[in-house]
Protein chains: 2
Amino acid sequence: MIAEVLCIGTEILLGDIVNTNGAFIARELAALGIDMYHQSVVGDNPSRLKESLAHALSRADAVLTTGGLGPTYDDLTKKTVADYFGIGMQMHEPSVQKIEALFKKLDRPMTPNNLLQAQVPAGSTVFFNDTGFAPGIAVEQDGKIVIMMPGPPSEMRPMFINHISPYLQRKTGGMIRSKTLYIFGMGESQVEHTLRDLMTSSTNPTVAPYAKQGEVQVRVSAKAQSEQDALSLIDPVVDQVKQILGNVVYGVDIGSMQNALVQTLIEKKLVAATAESCTGGLVSAAITDIPGASAVFAGGICTYTNALKTRLLGVSEDTLTAVGAVSPETADQMAQGVRTLTGADIGVGITGIAGPSGGSDEKPVGLVYIAVSSDAHSEVKKLMLSRGHKDERESIRNLAMLNALYMMLTAVQEA
Amino acid sequence: MIAEVLCIGTEILLGDIVNTNGAFIARELAALGIDMYHQSVVGDNPSRLKESLAHALSRADAVLTTGGLGPTYDDLTKKTVADYFGIGMQMHEPSVQKIEALFKKLDRPMTPNNLLQAQVPAGSTVFFNDTGFAPGIAVEQDGKIVIMMPGPPSEMRPMFINHISPYLQRKTGGMIRSKTLYIFGMGESQVEHTLRDLMTSSTNPTVAPYAKQGEVQVRVSAKAQSEQDALSLIDPVVDQVKQILGNVVYGVDIGSMQNALVQTLIEKKLVAATAESCTGGLVSAAITDIPGASAVFAGGICTYTNALKTRLLGVSEDTLTAVGAVSPETADQMAQGVRTLTGADIGVGITGIAGPSGGSDEKPVGLVYIAVSSDAHSEVKKLMLSRGHKDERESIRNLAMLNALYMMLTAVQEA
């Protein structure tokens, strides 16, 4: 099945909202094994919507729309689709009752235009909206399907997951399951190069790498008649990828580096603490973004002055005078110092030059030292994180954060 | 002029990245007074790209593409556009030199495919890439324009602002200038309601509100023959908006709340420090994201345990026993304590329940106390930041961060 996404809404064309629906649906369709070659956005204009719909249906089996299902005059998706197929509209009684009941519950007067949301093209399949008013609708005719969903992501996403995805799985037969390997310390092109033979020889499951900032993920997806069958196709290939790539794989289906770190800390019953300079709190913010972090994170010290590095973390004044704040010695003393200060099992110290100013020939912008300290383990890494572009402060800080999380994760895994 | 955006990249069709370029360009084109009726996404496939390009050019005067300008085999935008117009490729010498110089600076071997990025269709206009390798390109023929930009937002955005926007302004005649008012503490619908008369009566300059997470911006844009003329149209309206909205306007063209804070600290020669619990370092990370923050930021303490709150920040054990860590008293003592610890002029203390667990009837998820302390000023605010949805941890933390920055900004402005 080839599908196409058509997002409807003048607010997208004006740039007032970012179209996150497109990416969400794209990912869900890819997971279902449904191909998509085109995505489009069109405004709340009947003739342009009709033209876009016709164009999409000329090249796809299924067109999924978002938006234009609300109660106001510019919500014209249903009418346009019904006209296109030459079918009339009818009231969907369960939706009428649901809308009336919701207004009663909210104790708000219901204006008649709200019931327009319960109108659907005759003979269509209706999907309940668990988090809003307008139901989703599928119209099938002449081997083509148009699936209409509401625009707000808070309504569209649960509807897709709970109702549209099962509907599409029934249409395509079978089910898709996937596992994602998380990789750090190897670039996308090298991952692709290393896995090329496996990627080209695998059709079910498929193996595909994706680059994220500073990280790479490899997704292994299989199509089968049952979850069990899918997993028995996936698991040996996941093992194969792990074997080929080695220890740059830091987790499977782990969500993020900070989640991997927090879960490993919980598992090992260890507590971490951070001492940051150039990252300014990004590492502690990332760790505490994970629910449950409070059990394994003592605290973070962000020292932006030498005096504070000495007073709080015990960085020696002699070190600061002799080799400066951006040095392996300072990073190491920060990591040890924050352990002493907080009583944590593992400490990280990060010091560097995020730019744009503050760099020199000897210590250029992008130079970052990261130290990890635990009872069993002590390590300092020197990183050059500039790629020579302008406005790199954000990217240098983010890469330093990722490297710090990764060094902590490795140390905790080995502890 | 009618323009259309064509984003190129299989990674968008697979949902691996959210297409933020579409919204950015849409907003910039709207500000330039250029109409857009369609946006599309197509994968790295030559025949489908060619078909999409032809379709877009059949209904628009200008097509702006993003993506497909890199050095690998699937980067085929330039070739497809050149073929469409029937023109050959040539090397752009300044780009060759720039790429060679960058590789020399990075001390990395340059593989020959990198120079493919310096190839452009003959006779085209080339736009420098200030933050990456691949230049932007405009090709004009038969009254149609195709403008190609790189895909990474960090490269596309500065290129659009610095080079593409002036180019389009020359094409459309006249120039557009705009100023943006930054608003905190009033929702988008209320801003829109309050400014409705001004918005509907203004055509040059136009007045348009945009919602960002927890913040609202109002952009005032004027079209004129010179910058001077544009500004003389804009400035009185900016003053009018300020007068209507009052003190919820915290800055004009200030970039972000953290930038407003850092610039005000620099101006007033004051130093700040942060003491965070539920925000986990987000506030210090936001402040230190601004270049030059080191002059006005002493440091940040993220205390995730009561013991550390007492030991580092001097929060009284009696307070913690009597009213708990999430209390106005604790927030206040954190704000005062971090000033004492770091010697900063202004301190902020943030404590709350980010969830998903840890809430109670008395202290529900979303309850956050923020205190600001300076010589002249001491204040604690109680905030309820939950909107009753699932998975609110990130949103509660971000809203707490914004509120903390805003309270600091207000205190520094009054200092």
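Helix H11(B) is followed by Gly314(B), whose phi is positive, near 70°; helices (H or I, at least four residues) and strands (E, at least two) are DSSP runs, numbered from the N terminus. The model is predicted: local features need pLDDT of at least 70, side-chain atom pairs count only at pLDDT 80 or more, and totals for chains, interfaces and linings use all residues. Residues are numbered from 1 along each chain as its sequence is written, while chains are lettered from A and ligands numbered from 1 in the order in which they are written.

H11(B) covers residues 306-313, and its buried residues are Leu308(B), Lys309(B), Leu312(B) and Leu313(B). Seen down the helix axis, these buried residues fall within an arc of 105°, so they line one face of H11(B). A residue is buried if 20 or more other C-beta atoms lie within 10 Å of its own, exposed if 12 or fewer, and partly exposed in between, with C-beta atoms placed from the backbone. The arc is that of the directions from the helix axis to the C-beta atoms. The cover over this face includes elements of chain A, namely strand E14 (297-303) and helix H13 (328-342), as well as elements of chain B, among them helix H12 (317-323). Contact here requires C-beta atoms, placed from the backbone, to lie within 7 Å.

In chain A, helix H3 (residues 46-59) has 14 residues and reaches 20 Å from its first C-alpha to its last, close to the 20 Å expected at 1.5 Å a residue. The expected span is 1.5 Å times one less than the number of residues. Leu49(A), Ser52(A), Leu53(A), Ala56(A) and Leu57(A) are buried in H3(A). They cover an arc of only 130° around the axis, which puts them on the same side of H3(A). The face turned away from that side carries the exposed residues Ser47(A), Ala54(A) and Ser58(A).

**The contact between the chains**

The contact takes 52 residues from chain A and 57 residues from chain B. By class, the side of chain A that touches chain B has 23 nonpolar, 21 polar and eight charged residues. Ala, Val, Leu, Ile, Met, Phe, Trp, Tyr, Cys and Pro count as nonpolar, Asp, Glu, Lys and Arg as charged, and the others, Gly among them, as polar.

**Strand pairing**

Two strands pair if DSSP finds at least two bridges between them.

| Strands | Bridges | One facing pair |
|---|---|---|
| E2(A) and E2(B) | five bridges | His38(A) and Val42(B) |
| E15(A) and E16(A) | seven bridges | Gly352(A) and Val368(A) |
| E16(A) and E17(A) | seven bridges | Leu367(A) and Met384(A) |

E16(A) and E17(A) form a hairpin with three residues between them. In E16(A), residues 367-374, eight of its eight residues are buried. One side carries Leu367(A), Tyr369(A), Ala371(A) and Ser373(A), and the other Val368(A), Ile370(A), Val372(A) and Ser374(A).

An automatic or database assignment divides chain A into domain 1 (2-172), domain 2 (176-252) and domain 3 (257-414). The C-alpha centres of domain 1 and domain 3 of chain A lie 48 Å apart. Ser178(A) is in strand E9(A), residues 175-183. Ser178(A) counts as partly exposed because it has 19 C-beta neighbours inside 10 Å.

Notes
Two residues are in contact if their C-beta atoms, placed from the backbone, lie within 7 Å.
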